[in-house]
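Subject: Handing over the structure

Hello,

Here is the structure I promised to pass on to you. Have a look at it first, and then read on for what turned up in it.

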Amino acid sequence: MITVREATKEDAALILPFMATVGGESDNLVTDEKGLPFSLGQEEAYLQHKQGSKNNIQLLAFEGNVLVGSAGCDTSSRQRICHGGEIGISVLKAYWNKGVGTLLLSNLVQWARNSETGLRKLSLTVRADNVRAIALYKRFGFVEEGKVKRLLQINGVFYDGITMVLLID
Ligand SMILES: CC(C)(COP(=O)(O)OP(=O)(O)OC[C@H]1O[C@@H](n2cnc3c(N)ncnc32)[C@H](O)[C@@H]1OP(=O)(O)O)[C@@H](O)C(=O)NCCC(=O)NCCS
């Protein structure tokens with residue numbers, strides 16, 4: 001059974017190796033096999049900041065004690081843009097197409113729609129050929145907002161992206 005909960009700072013030690021693994025498994029993420037460019041202390045501080053903030057969150061999916069997926073929303077504290085959250089999602093390859101992404105996104109969108117977050121728009125940028133992720137976002141009502149040239153450069157090859165948005169009324 002997959003369970004989803006909010007990350008605490010104690011999860012930093014799980015998230016750093018998880019991100020290096022998923023980064024190595026997928027050419028669709030900004031993160032590669034080197035993982036996040038943060039120390040344990042920096043990641044702990046980041047998670048602590050998110051937990052104490054009404055419009056930022058990090059959700060984790062577990063099977064037993066194994067971290068199998070992560071989805072987050074990052075929002076600026078600046079008044080004029082704090083209604084817009086930037087989201088990201090990643091699932092361990094061994095768990096793709098088992099509904100983990102759907103479960104994480106469903107929890108994330110439900111949290112964002114809560115009026116206390118003040119969020120009125122969720123945005124993400126996805127590689128234009130990432131059909132699996134795009135299909136998932138469309139099922140939750142995300143629509144294409146625009147095109148991004150040269151979103152990623154991998155082994156000297158550029159990949160374009162699209163930005164997708166979900167407006168919250
Ligand atoms: C994208 C990602 C988060 C999806 O997570 P997931 O757990 O595999 O997603 P789910 O199993 O909940 O749903 C996948 C859906 O896509 C569908 N799908 C799978 N392959 C597909 C394809 N080639 N074309 C269209 N849809 C596809 C599945 O049928 C499923 O739909 P369904 O639930 O209606 O059957 C996961 O593949 C991942 O982490 N990929 C690498 C990182 C990444 O791309 N992150 C997004 C960056 S923006």
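This is a predicted model: local features need pLDDT of at least 70, side-chain atom pairs count only at pLDDT 80 or more; totals for chains, interfaces and linings use all residues.

Where does leucine 67 sit in the chain? You will find leucine 67 in strand E3. Leaving out residues up to four places away in sequence, leucine 67 touches Leu14, Ile15, Phe18, Leu60, Ala61, Phe62 and Leu92. Isoleucine 2 is another residue to look at from here: 65 residues separate leucine 67 from isoleucine 2 in sequence, while their C-alpha atoms are 9.7 Å apart in space.

Now for the wider view. The chain has 4 helices and 7 strands. Read from the N terminus, its elements follow the order β-α-α-β-β-β-α-β-α-β-β. The radius of gyration is 15 Å, close to the 15 Å that the globule rule gives for 169 residues, so the chain is as compact as a globular protein of that length. Taken along the principal axes, the box filled by the C-alpha atoms is roughly 40 × 35 × 30 Å. Of the contacts between residues at least 6 apart in sequence, 60% join residues at least 24 apart.

What about the inside? Buried residues account for 41% of the 169 residues. In soluble globular proteins, nonpolar side chains tend to be buried together. Here, the largest nonpolar core has 41 residues, and Leu108, Leu122, Tyr137 and Phe142 are those with the most contacts inside it. Several elements each supply at least two residues of this core, among them helix H1 (12-25), strand E3 (66-75), helix H4 (131-139) and strand E7 (157-167). Which element gives the most to this core? That is H3, with 7 residues.

Setting aside its neighbours within four places in sequence, phenylalanine 142 is in contact with Ile87, Val109, Leu122, Leu124, Tyr137, Met164, Val165 and Leu166.

The accessible surface of the chain is about 9500 Å², and 51% of it belongs to carbon and sulfur atoms. As for charge, there are 19 positive and 18 negative side chains, with the centres of the two sets 6 Å apart.

Enjoy exploring, and do write back with any questions.

Best wishes

Definitions and conventions. Residues are numbered from 1 along each chain as its sequence is written. Side-chain values use heavy atoms; hydrogens and water are left out. The radius of gyration is taken over C-alpha atoms; the globule rule is 2.2 Å times the number of residues to the power 0.38. Buried means under 20% relative accessible area, exposed over 50%, partly exposed in between (1.4 Å probe, protein chains only). Contact means heavy atoms within 4.5 Å. Accessible areas come from the Shrake-Rupley method with a 1.4 Å probe; for residues, only the protein chains shown count as cover. Lys and Arg count as positive and Asp and Glu as negative; His and the chain ends are not counted. The place of a charge is taken as NZ of Lys, CZ of Arg, CG of Asp or CD of Glu. A nonpolar core is a set of buried Ala, Val, Leu, Ile, Met, Phe, Trp, Tyr and Cys residues joined through side-chain atoms within 4.5 Å.
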